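Could you walk me through this chain, from its overall make-up down to a few side chains? Here's the model to look at while you read.

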Amino acid sequence: MIKFTIITLFREAIEPYLKTSMMWKATEKGLAEFDFVDLREFGLGPHKSVDDTPYGGGDGMLLRCEPVFEAIESVKAKDSMAKVILPTPVGKIWDQKMAREMVENMTFNDTVHYIILCPHYEGYDERILSIVDYKISLGKYVLTGGELPALIIIDSVVRLIPGVLGGEKSAEIESFSEGNNLEYPQYTRAEDFRGMKVPEVLLSGNHGEIAKWRKDHSGIIE
Ligand code: ADE
């Protein structure tokens, strides 16, 4: 099973998604577990402050080291093997291969545990990187925080755990686990919708031809 502990100021922005559909099913089946740590609890002073202005000047506020280190240490005190992920626009670009590797790291007797630290505001104190194992970017654009990246990372990993999706899909994923994930155009009823027809071959019942058509029309996700 895979466990994600999410350190955030905005649990309410993340939790509903994890309680929906496949993510919820994965939890119910004991294949995934999601936990939250409120960064505010580790804030400084009467206002539980977690950020401050940058040395050298500049706009905005930066996440301070103290609350972040203490929040991460509180999780690691219970599981020293947990790895820390920092979503950041200057990280390694996230892709299907990395999602697959995370699932492959998982053995079914053992829990693999990832801590996702969600920065907010304009950034973080650079010294926070000393406690981070993986810096991950969701793409070359800037978001206001790590909550959406955390959800995307979690969703793309958890759906690959055998048993999370239906039998057919997970088998398909297993068969492509060494190679590329193939995504081909799909159709359901009606056969003719406002003059747009389902390709004939898909109605033919010829499995060989259908497999060939799908391969020829696939978009490849690395
Ligand atoms: N935080 C802000 N922008 C981000 C991005 N593109 N990827 C990951 N984390 C981010």
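First, some housekeeping. This is a predicted model, where local features need pLDDT of at least 70, side-chain atom pairs count only at pLDDT 80 or more, and totals for chains, interfaces and linings use all residues. Residues are numbered from 1 along each chain as its sequence is written, and side-chain values use heavy atoms, with hydrogens and water left out.

**The chain overall**

The secondary structure comes to seven helices and 11 strands; helices (H or I, at least four residues) and strands (E, at least two) are DSSP runs, numbered from the N terminus. Along its principal axes, the C-alpha trace spans about 70 × 40 × 30 Å. Of the 222 residues in the chain, 41% are buried. Here buried means under 20% relative accessible area, exposed means over 50%, and partly exposed is in between (1.4 Å probe, protein chains only).

How much of the contact set joins residues at least 24 apart? Taking contacts between residues at least 6 apart in sequence, the share is 75%, with contact meaning heavy atoms within 4.5 Å. The chain exposes about 13,200 Å², and carbon and sulfur atoms supply 53% of that. Accessible areas come from the Shrake-Rupley method with a 1.4 Å probe, and for residues only the protein chains shown count as cover.

**Salt bridges**

Side chains of opposite charge can pair when their charged atoms come close. The structure holds 10 salt bridges, each being a side-chain nitrogen of Lys or Arg within 4 Å of a carboxyl oxygen of Asp or Glu. Here are some of them:

| Pair | Closest N to O |
|---|---|
| Lys 3 and Asp 35 | 3.9 Å |
| Asp 125 and Arg 127 | 2.7 Å |

Start with Lys 3, which forms a salt bridge with Asp 35. Lys 3 lies in strand β1 and Asp 35 in strand β2 (residues 32–38), so the pair ties together parts that are 32 residues apart in sequence. Lys 3 counts as buried at 18% relative accessibility, whereas Asp 35 is partly exposed at 32%. Glu 33 joins in too: Lys 3, Glu 33 and Asp 35 are linked in a network of salt bridges.

Asp 52 is partly exposed, with a relative accessible area of 34%, and Arg 64 is partly exposed at 25%.

**Aromatic rings**

A search of the whole structure finds three aromatic pairs. Rings of Phe, Tyr and Trp (its six-membered ring) pair if their centres lie within 6.5 Å; planes under 30 degrees apart count as stacked, over 60 as edge-to-face and the rest as tilted. Tyr 114 and Tyr 134 form a tilted pair, 6.5 Å centre to centre with 55° between the planes. That pair links distant parts of the chain, with Tyr 114 in strand β6 (residues 112–117) and Tyr 134 in strand β7 (residues 134–137), 20 residues apart. Tyr 114 is buried at 4%, but Tyr 134 is partly exposed at 36%. Ring pairs link Phe 4, Phe 34, Tyr 114 and Tyr 134 into a cluster.

**Thr 5 and its surroundings**

Thr 5 lies in strand β1 (residues 2–8) and is buried, with a relative accessible area of 2%. What does its side chain make a polar contact with? The partner is the side chain of His 113, at 2.7 Å. A polar contact is a pair of N or O atoms within 3.5 Å; within protein, one must be able to donate a hydrogen and the other to accept it, and residues adjacent in sequence count only if both atoms are side-chain atoms.
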